[in-house]
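Here's a quick walk through a two-chain model, written for someone who likes to have the coordinates open alongside. Let's take a look.

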Amino acid sequence: MAMLDAAEAGQSALLIAPTGGGKTLAGFLPSLIQLHAQRSEGLHTLYISPLKALAVDIARNLTAPAEEMGLDLRIETRTGDTPANRRARQRQNPPQILLTTPESLTLLLSLPDANEMFAGLQCVVIDEIHALAGTKRGDQLALCLSRLSALAPSMRRVGLSATVAHPRALAAWCAKDADPDSVRIVQESGGASPDLSVMLPAGRLPWGGHMGLSSMPEVYERLKEAGVTIVFVNTRAQSELCFQALWRLNEDNLPIALHHGSLTIEQRRKVEAAMAAGKLRAVVATASLDLGIDWGAVDQVIQVGAPKGVARLLQRVGRANHRMDEPSRAILVPANRFEVIECRAAIEAVAAHEVDGDPPRPGGLDVLAQHILAMACHAPFFPDDLFREVTGAAPYAALTRQDFEDTLRFVEDGGYALSGYERFRRLFRDYQGMVHVRGPQVARQLRMNLGTIVELPLLKVRMRGGPMLGEVEEWFISTLEPGDNFIFAGQVVKYERLDPTAVIVSRGGEGEPRVPAYGGSRMPLTTFLARRVREILSHPEQWRGLPASVREWLAMQRHRSEMPPQEGLLIEVFPRGSRWFMVAYCFEGRLAHQTLGMLVTKRMERLGMAPMGFLGTDYVLATWSAFEPTNPERLFEEDLLGEELEEWIAESSMLRRTFRNIATIAGLLEKNHPGQEKSGRQMTMSSDLIYDVLRKHEPDHILLRATRAEAAGGLTDVSRISTLLARASGQIRVRRLEAVSPLAVPALIEEGREWVSGSAEDALLAEATALVDEATEGEESFTGQLGLEAISGPLPQPSRREARPRRSRFARQRAG
Amino acid sequence: MISAPFHLAGERLLLDPSGALFWPSRHLLVVSDLHLEKGSHFASRGRFVPPYDTRETLARLAPLIRRYTPERIVFLGDSFHDADGAARMHATDRSTLMHLLGNRHITWVLGNHDPVAPDDLPGDAVPEYRDGPLVFRHEGVPTREAGFELSGHFHPKASLPTRCGPVTRPCFLADARRVMLPAFGAFTGGLDITSQPIAALFPRGGRAFLLGKDRLHSAAVGPMRHLAAAQSTGSVNRMADAPLHSL
């Protein structure tokens, strides 16, 4: 009802409600009523969803009530899959209600006739707004909304969101001119609290690992008892393994399906349709099912592995039982002992009605660059007007004119201090100062590269003589030899060969299969949950409620090493796999640990320890180096902050990765298109070359500024580090261990490793060649023939597999 | 910087960790695949990559010329990224290059990217250059008639296993008959030496010299006949013309 009031007043609105509860319909209802009262021609309401499938599904669900109301109107979707003839018709004669995605909307707005198409627009509905705000897709959408408001001044905005920690910030995001007070916030209370429980395996709870496979017998029992279950997991690799494990147990032949983002769209649609038709008892799914289609009758949700965040947990739990009056049922299945504590922390947070999440961050200049070019493709503009429009979008409200001008110049001709590219410029200004595009090829290029999702290079996987199965990341295939097995799309397949368009596999094969890991599958624990975990750990009296195996594990940590003290800092040092590991239990959250990792490895480099990489989890900072970090107290002294930091950070893999994404979105690098001959590994390499050259010759270039700004959001305030160092000072406890400690195990298998580009590589190369020299005393059959003089000795010919690059230094973060 | 001596056809050559090669008895410096003006080539197609690649490549060349004071410089092909590259050079870069070339003998071996003599620059442009027992050409010739050969073209790189996993670097690749030079340009990627086109030139293996910070790291490379024979199908390094057309 509040939504209708807002509509009548012509006011924008933000509806915040738990998953389910008919949010989407509530968003549309005012439009349907208006259209009922007064039939209008032309586009009336635009609906934007982060998922193509959702747009398609909503269109279907909307048609029924519209027909019941006796409305004579057209409801259509427009996505990347819409056929060309329908697109053309939609432009000439738009439907009253159009459902689309942020990318398709950007494309529409870049067309010359966009002003005609959107001039009469009354309302825009943005679904799952919490999943868009604060991301680059969200930046893009916010800019498009600002443009829509310019084209259709009377348009209202309706945002639909799940429960969030920062409703006001989200309202500002949703608002015209970023004014949260112009938006009516309608907050639905949660209905019944979800019913959450923890389930442990009958056998021993594993130490490490996050797949949760040992709990599959219990999970299977639950599937048998319930009608329809979604088994949520955290990574695609985990989904493949759990799916296999469940089918091995599946004596009753229950219909169990698999759903994750790397399967082909057709396959996913098939699973979704079967689910909606009630033909399935269970789906093993990743975040690919977090958002989207409402299936009604899901009886329970099982979360395998720790939920990693309260908001995410609530979203997933909400997938079960979309009725407001009954509690959603969900079972948490921790995969290891540490996750038991995480699950407990999450359940406590849900009970206390606390939601985590960060407010949306400022918009990226790379997205702005793409937007400027798109707007120029639509029509010539005055920079003043566009600046005003852009700063009307919340993520860009604080954009300086200087940054805007520099971004505009970048779009024109690269904006480099060194002249020379003027003759290649994409934009030119007329005598009035209006900005035009130079020719139709510019628009063509823009359309090829539109969008803000930079995928890791993927290869299609095809069954020999059979159907396409989905996609895997290219680097994974580069680690395989023909004949190797891996698990994909729920079956064991054998790698046959790589043809120009796809990876060809056949069924079956011998030996232990591997599981493709995906770089995009990282799921960091929120800082908020980390705090609760720390609390439980540091209060032994709270351990009583924990399962015996977990208490045992914590006791083991006391025995082998010690518990991290409440004050001060515990550091463990141990050798493993021919490297030295150091684990510092700082409990400062991932961002702080990232920054600290850079500082500490910098000092390790100076002290000759040859650091190779580090990992900042929410609990610990772990480093690994070629040589032993002796007296690690030195690495945490307070004067750490005096080091020459900037240069070091600029060298980091994190900055390189950020630059690659920014350069791609801003249009400097070509986006990866499937089937194109340019492979992503080369793109990674080249973006590094460009980064190094640009950093040396024009460190203040707009793209480097954008890179630093974006990375700064991923690093923490240095002042927090100094507080930590001050607190630890004089209270550092160092334990030199023979092997990894019980507490460190779960931390060390987390994702998100960073690599250090210091002297370690050269030291290792020198060591490798010298070692072989020693072993063979410099003798080798063809040295004489080659006429080698005093060069270091030979190395036995490595097998091809060993010789294969583990990926270039800069792409290695995916290995984590 | 410690260079590594290497003998080819009885001639003593120095491999420099920067990727250049010096022939002391002839006072001759060789560099390959500079791909100058690659940046502006991309800019002409609407990709405004930084215009500093030429400047950077020349800045790497300058200390080599100071150190070895060569009488002759042989550019082993693909010196410019495309035929118009030399004409696009920034005035500052052009004068830097002219200064570096000085009054030395300059030989531009022609490559696939720059099949014509560079515009308005001193020196001779030749399909291949011979001096004593050595032949300098852009792309290596697989037959025995190749002679004792110095070549570039493929941008070789290699991975050396270390106790903490393989490390990949651009490299020289050499056997008793030929030396292949790494690409010298700032914007040049690499092609793994185990990929078919390179393996075809080194069927019996050879020795790789990986570029290090201030020295080379050398390792023997076993026979690569099986790789040379294998057509692109089995290989995971989709080599094709990778280093030639990619950024």
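In chain B, buried residues make up 56% of the 247 residues, where buried means 20 or more other C-beta atoms within 10 Å of a residue's own, exposed means 12 or fewer, and partly exposed is in between, with C-beta atoms placed from the backbone. For chain A the buried share is 50% of 816 residues. This is a predicted model, so local features need pLDDT of at least 70 and side-chain atom pairs count only at pLDDT 80 or more, while totals for chains, interfaces and linings use all residues. Residues are numbered from 1 along each chain as its sequence is written, and chains are lettered from A and ligands numbered from 1 in the order in which they are written.

Here are the two chains side by side. Helices (H or I, at least four residues) and strands (E, at least two) are DSSP runs, numbered from the N terminus.

Take the contacts in chain A with a separation of 6 or more: 75% of them come from residues 24 or more positions apart. In chain B, 67% of the contacts between residues at least 6 apart in sequence join residues at least 24 apart.

Now for the interior. A nonpolar core here is a set of buried Ala, Val, Leu, Ile, Met, Phe, Trp, Tyr and Cys residues joined through C-beta atoms within 7 Å. The largest one has 274 residues, and those with the most contacts inside it include A:Val124, A:Val283, A:Val310 and B:Val30. Helix H15 of chain A (residues 365-378) gives the most to this core, with 10 residues. Leaving out residues up to four places away in sequence, A:Val124 touches A:Leu46, A:Ile48, A:Leu145, A:Leu148, A:Met155 and A:Arg157. There is also a second, separate core of 16 residues, with A:Val472, A:Ala489, A:Val493 and A:Val505 among them. As background, nonpolar side chains tend to be buried together in soluble globular proteins.

A:Val310 also turns up in a helix pair. Helix H13 (residues 310-317) and helix H14 (residues 337-351), both of chain A, have axes that come within 10 Å and cross at roughly 75°; axes are lines fitted to C-alpha atoms, for helices over the stretch in contact, with angles from 0 to 180 degrees between N-to-C directions. That makes H13(A) roughly perpendicular to H14(A), a label for angles of 65 to 115 degrees (under 35 is roughly parallel, over 145 roughly antiparallel, and the rest oblique). H13(A) brings A:Val310, A:Leu313 and A:Leu314 to the contact, and H14(A) brings A:Ala346, A:Ala349 and A:Val350. By class, that is 6 nonpolar, no polar and no charged residues (Ala, Val, Leu, Ile, Met, Phe, Trp, Tyr, Cys and Pro count as nonpolar, Asp, Glu, Lys and Arg as charged, and the others, Gly among them, as polar).

Next, how covered is strand S24 (residues 620-625) of chain A? It is mostly covered, with 6 of its 6 residues buried. A:Val620, A:Ala622 and A:Trp624 lie on one side, A:Leu621, A:Thr623 and A:Ser625 on the other. Strands pair if DSSP finds at least two bridges between them. S22(A) (residues 579-585) pairs with S24(A) in the antiparallel sense over 6 bridges, and A:Trp580 has A:Ser625 as its bridge partner. S23(A) (residues 611-616) runs antiparallel to S24(A) too, joined by 5 bridges, with A:Gly616 opposite A:Leu621. S23(A) and S24(A) form a hairpin with 3 residues between them.

Over in chain B, an open sheet of 7 strands has the order S1-S2-S3-S4-S5-S6-S7, with mixed pairing. S1 (4-8) and S7 (124-126) of chain B stand at the edges with a single partner strand each, so one side of each is left without a neighbour in the sheet. The twist averages 25° from one strand to the next.

A:Asn631 is not a glycine, yet has a positive phi of about 45°; A:Asn631 sits in the loop between S24 and helix H23 (645-650) of chain A and counts as exposed, with 9 C-beta neighbours inside 10 Å. B:His35, also not a glycine, has a positive phi of about 50°. B:His35 lies in the loop between strand S4 (28-31) and helix H1 (38-43) of chain B, and counts as buried with 29 C-beta neighbours inside 10 Å.

Definitions and conventions
Two residues are in contact if their C-beta atoms, placed from the backbone, lie within 7 Å.
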